[in-house]
Amino acid sequence: LRIPCTMASEAVARTPDERFTNLPDFPYAPHYVEVPSAVGILRIHYLDEGPRDASECVVCFHGQPTWSFLYRKMIPHLVAAGFRVLAPDFVGFGRSDKPVEREQYTYAAHVAWMTAWADAVFDTDGQKYTFLGQDWGGLIGLRVVTAKPDRFSRIVVANSGLPAGPVPAALLGPPLRAGYAAM
């Protein structure tokens with residue numbers, strides 16, 4: 001399945017907004033922030049729902065291969081409980097820009113992009129944030145949390161974690177593949 005894209009530049013593709021109309025259970029208005037990257041400025045899409053002056057905000061980072069659409073059923077419940085909810089689309093996903101070269105998609109780049117997003121979007125008035133990260137959203141978002149520990153009051157990690165260090169040699173290469181094959 002190929003989704004038509006327009007080119008934001010020679011190095012960056014952008015999915016046209018009309019591809020996101022009439023999605024089920026997704027009445028949310030798009031918001032965008034521009035962040036720097038190795039290929040120029042990238043536009044990151046995010047949802048911003050609930051009262052902007054809420055004392056607490058839930059920041060939802062999705063996993064792979066999804067986007068903020070993942071949180072469409074949770075957002076109304078969080079807003080009804082009085083929270084502001086921010087849910088970005090990672091670069092390369094959903095309404096966010098998509099660098100054309102595969103080499104641009106590194107873990108370090110995703111962390112840098114999402115840290116720049118947080119710098120641009122987080123309020124400066126002391127609003128506290130609860131991080132909710134699923135799958136790769138945990139791996140990327142926990143790095144954002146460690147860069148801004150004074151901004152976060154809670155962390156919720158679902159189907160994710162943070163690597164503790166080098167992988168033991170016994171788990172690399174053929175032994176790992178053999179272990180999975182035996183399951």
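Visitor: Where does leucine 162 lie?
Guide: In this predicted model, leucine 162 sits in the loop that runs between β9 (152-158) and α4 (174-182).

Visitor: Why is leucine 162 called partly exposed?
Guide: The relative accessibility of leucine 162 is 45%, and since the label buried needs a value under 20% and the label exposed one over 50%, the residue belongs in between.

Visitor: How do you know what span is expected for helix α2?
Guide: Helix α2 covers residues 107-121, which gives 15 residues, and the expected span is 1.5 Å times one less than the number of residues. That expectation is 21 Å, and the helix reaches 21 Å from its first C-alpha to its last, so the two values are close by the rule for the expected span.

Visitor: Which residues of α2 are buried, and what do they pack against?
Guide: The buried residues of α2 include Trp113, Met114 and Trp117. The elements that the buried residues of α2 pack against are the strands β3 (31-35), β4 (42-49), β5 (56-61), β6 (84-88) and β7 (98-99), together with the helix α3 (136-147).

Visitor: Why is the count of disulfides zero?
Guide: A disulfide needs two cysteine sulfur atoms within 2.5 Å. For cysteine 57 the closest cysteine sulfur is that of cysteine 60, at 8.3 Å, so the pair is too far apart for a bond, and the count therefore comes to zero.

Visitor: What makes aspartate 123 and arginine 84 a salt bridge?
Guide: The closest N and O atoms of aspartate 123 and arginine 84 are 2.9 Å apart, and because the rule asks for a side-chain nitrogen of Lys or Arg within 4 Å of a carboxyl oxygen of Asp or Glu, the pair qualifies. Aspartate 123 belongs to the loop between α2 and β8 (128-134) and arginine 84 to strand β6, so this pair ties together parts that are 39 residues apart in sequence. Arginine 84 is buried, with a relative accessible area of 0%, and aspartate 123 is buried as well, at 13% relative accessibility.

Visitor: Which residues are linked with Arg84 and Asp123 in a network of salt bridges?
Guide: The network also takes in Asp48 and Arg52. Between arginine 52 and aspartate 48 the closest N and O atoms are 2.7 Å apart, which is a salt bridge because the limit is 4 Å. Arginine 52 is partly exposed at 45% relative accessible area, whereas aspartate 48 is buried at 12%.

Visitor: How do you know that aspartate 119 and lysine 148 meet in a salt bridge?
Guide: The N to O distance for aspartate 119 and lysine 148 is 2.3 Å, so the pair passes the 4 Å limit. Aspartate 119 is in helix α2 and lysine 148 in the loop between α3 and β9, so parts 29 residues apart in sequence are tied together. By the same rule, the count comes to eight salt bridges.

Visitor: Why is glutamate 56 called buried?
Guide: Glutamate 56, in strand β5, has a relative accessible area of 18%, and because buried means under 20%, the label applies. Leaving aside neighbours within four places in sequence, glutamate 56 is in contact with residues including Phe83, Arg84, Tyr129 and Arg154.

Key: Residues are numbered from 1 along each chain as its sequence is written. This is a predicted model: local features need pLDDT of at least 70, side-chain atom pairs count only at pLDDT 80 or more; totals for chains, interfaces and linings use all residues. Side-chain values use heavy atoms; hydrogens and water are left out. Helices (H or I, at least four residues) and strands (E, at least two) are DSSP runs, numbered from the N terminus. Buried means under 20% relative accessible area, exposed over 50%, partly exposed in between (1.4 Å probe, protein chains only). Contact means heavy atoms within 4.5 Å.
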